[in-house]
Amino acid sequence: MTNQRAFKARVRARMDKTGESYTTARRHLLARMPAVAPGTEHPAVEAGTENPAVEPSAAPAAAPGTGPADPPAGSPAAEASPAGGGTAGQVARIPDALLRERTGRGWEEWFGLLDEWGGTEHTHTEIARWLVAVHEVPGWWAQTVTVGYEQSRGLRAPGQQRGGAYSAGGSRTVAVPVDRLFAAFADETLRRRWLPDVDVRVRTATAPKTFRADWAGGPTRIVVGFVPAGDTKSRLSVLHEKVDSAGRAAKLKAYWRERLDALKRLLETEGDRR
């Protein structure tokens with residue numbers, strides 16, 4: 001059963017239990033959805049969030065914000081993420097044909113519908129939830145359309161969140177089960193093997209789904225989502241939030257690209273021995 005069908009089944013189960021209409025039951029379930037990191041595929045959870053190879057060096061660059069040796073921003077394009085990280089806007093990064101295939105409409109059609117609805121007067125969360133609830137757009141794609149719309153209407157710059165802060169991050173598929181990938185963040189000893197010299201203060205860790213932590217004493221933080229990709233592979237997406245400038249976000253993007261390559265090499269080649 002797909003995530004969308006599973007959510008609809010939950011709505012109908014609530015209808016049977018409470019006697020509510022489909023719309024009312026759906027609204028209640030959407031309101032109770034927890035936030036998760038972008039990159040996890042859920043038709044309703046992500047719609048409520050603001051929540052998408054080089055050989056790593058033996059001595060990694062210092063993490064931005066932890067010392068004077070910030071790594072330079074790299075030029076290769078990162079994988080697309082719903083958070084809209086990077087210098088290119090969503091419309092430039094997501095082809096119109098692909099958006100139409102996955103959502104049933106192209107960019108300009110979605111922008112027209114959102115303008116008619118009064119999208120510029122709504123928050124990010126309200127827009128994404130409207131796309132899910134009214135048009136049944138899957139959660140990841142609802143985030144993609146929402147960010148693209150906000151950028152096109154001047155509500156945020158590429159890589160910037162609605163509140164004015166920026167974000168950065170990246171994603172990787174690693175040939176290990178999802179529990180082992182989660183442990184690479186949650187287990188401090190293992191984490192320091194690929195993410196050294198950074199003070200990571202864990203806020204919440206829900207195995208093997210999400211990991212949230214303050215970064216280098218704040219004010220920035222990371223949100224990581226994990227999903228299995230079969231029995232022997234899994235995928236993670238990192239979102240580094242509350243970054244104060246586009247330049248710093250570019251440096252963090254390059255940093256995460258390098259560190260995620262190091263993590264992939266560690267788990268796939270060297271193993272995760274403590």
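How exposed is R100? At 38% relative accessibility, R100 counts as partly exposed (buried means under 20% relative accessible area, exposed over 50%, partly exposed in between; 1.4 Å probe, protein chains only). This is a predicted model, in which local features need pLDDT of at least 70, side-chain atom pairs count only at pLDDT 80 or more, and totals for chains, interfaces and linings use all residues. Residues are numbered from 1 along each chain as its sequence is written, and side-chain values use heavy atoms, with hydrogens and water left out.

**View 1. R100 and E109 form a salt bridge.** The term means a side-chain nitrogen of Lys or Arg within 4 Å of a carboxyl oxygen of Asp or Glu. Here the N to O distance is 2.5 Å. E109 is partly exposed, at 35% relative accessibility. D96 joins R100 and E109 in a network of salt bridges. The model has twelve salt bridges by this rule.

**View 2. E150 and R156 pair through their side chains.** Their salt bridge spans 2.7 Å, N to O. Both E150 and R156 are buried.

**View 3. D214 meets R203 in a salt bridge of 3.0 Å, N to O.** D214 lies in strand β3 (residues 210-215) and R203 in strand β2 (residues 200-206), so the pair ties together parts eleven residues apart in sequence. Helices (H or I, at least four residues) and strands (E, at least two) are DSSP runs, numbered from the N terminus. D214 is partly exposed at 23%. R203 is partly exposed at 47%.

**View 4. Helix α5 (residues 107-117) packs against helix α6 (residues 124-135).** Their angle is about 105°, and their axes are 12 Å apart. Axes are lines fitted to C-alpha atoms, for helices over the stretch in contact; angles run from 0 to 180 degrees between N-to-C directions. The helices α5 and α6 are therefore roughly perpendicular (65 to 115 degrees). Contact (heavy atoms within 4.5 Å) involves W110, L113, L114 and W117 of α5, with E126, I127, W130, L131 and H135 of α6.

**View 5. Five strands form an open sheet in the order β1-β5-β4-β3-β2.** The pairing is antiparallel; two strands pair if DSSP finds at least two bridges between them. The edge strands, β1 (166-174) and β2, each pair on one side only. Strands β4 (residues 221-228) and β5 (residues 234-243) pair over eight bridges. V227 stands opposite R235 in β5. Helix α8 (residues 178-186) packs on the sheet and touches β1, β2, β3, β4 and β5.

How values were computed: Angles under 35 degrees count as roughly parallel, over 145 as roughly antiparallel, 65 to 115 as roughly perpendicular and the rest as oblique.
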